[in-house]
Amino acid sequence: MESKIEVLKARSAGDDLWDNSDMMLNWKVSQRTLASWRADGLIDYVQVGGKIWYTKENRNNFLMRNAVQAKQMDLTTCSN
């Protein structure tokens, strides 16, 4: 099983494939938060055996779905 995981990770370039530890470290979230997001269908993931992986596409899709748009400012009402 370990060899399948290593092959999967080696095939992805650089930061393309993160495991739970990478997610917790880089996004500053807990293991429980990640488990909740997966259970609620908020983030896609790959599971090989008991190991959870998040592709770059999975992470980017999650961020795009949860992005909050900034309010547009009406410049015609601003005075200097």
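Colleague: Which residue in β3 is the bridge partner of Leu17?

Modeller: Please bear in mind that this is a predicted model. The bridge partner of Leu17 in β3 is Thr55. This pair belongs to the strands β1 (residues 17-19) and β3 (residues 51-55), which pair in the antiparallel sense over three bridges.

Colleague: In which sense do β2 and β3 run, and how many bridges join them?

Modeller: In a regular strand, the side chains alternate between the two faces of the sheet. Here, strand β2 (residues 46-48) and β3 run antiparallel, and three bridges join them. Within β3, Ile52 is the bridge partner of Gln47.

Colleague: What is found between the strands in the hairpin of β2 and β3?

Modeller: Two residues lie between the strands of this hairpin, in which Gly49 takes a positive phi near 65°.

Colleague: Let us turn to the helices. At what angle do α2 and α3 pack?

Modeller: An angle from 65 to 115 degrees counts as roughly perpendicular. Helix α2 (residues 20-27) and helix α3 (residues 31-39) pack at about 110°, and their axes are 9 Å apart. Therefore α2 is roughly perpendicular to α3. The crossing of the two helices is right-handed.

Colleague: Which residues make the contact?

Modeller: From α2 come Asn20, Met23, Met24 and Trp27, while α3 contributes Gln31, Leu34, Trp37 and Arg38.

Colleague: How do the residues of this contact divide into nonpolar, polar and charged?

Modeller: Five residues of the contact of α2 with α3 are nonpolar, two are polar and one is charged.

Note on methods:
Residues numbered from 1 in each chain as written. Predicted model: local features only at pLDDT ≥ 70, side-chain atom pairs only at ≥ 80, totals over all residues. Heavy atoms only, no water. Axes fitted to C-alpha atoms, helices over the stretch in contact; angles between N-to-C directions. Helix = DSSP H or I, 4+ residues; strand = E, 2+ residues; numbered from the N terminus. Parallel < 35°, antiparallel > 145°, perpendicular 65-115°, else oblique. Left-handed = near helix turned anticlockwise from the far one by under 90°. Contact = heavy atoms within 4.5 Å. Nonpolar A, V, L, I, M, F, W, Y, C, P; charged D, E, K, R; others polar. Pairing = 2+ DSSP bridges.
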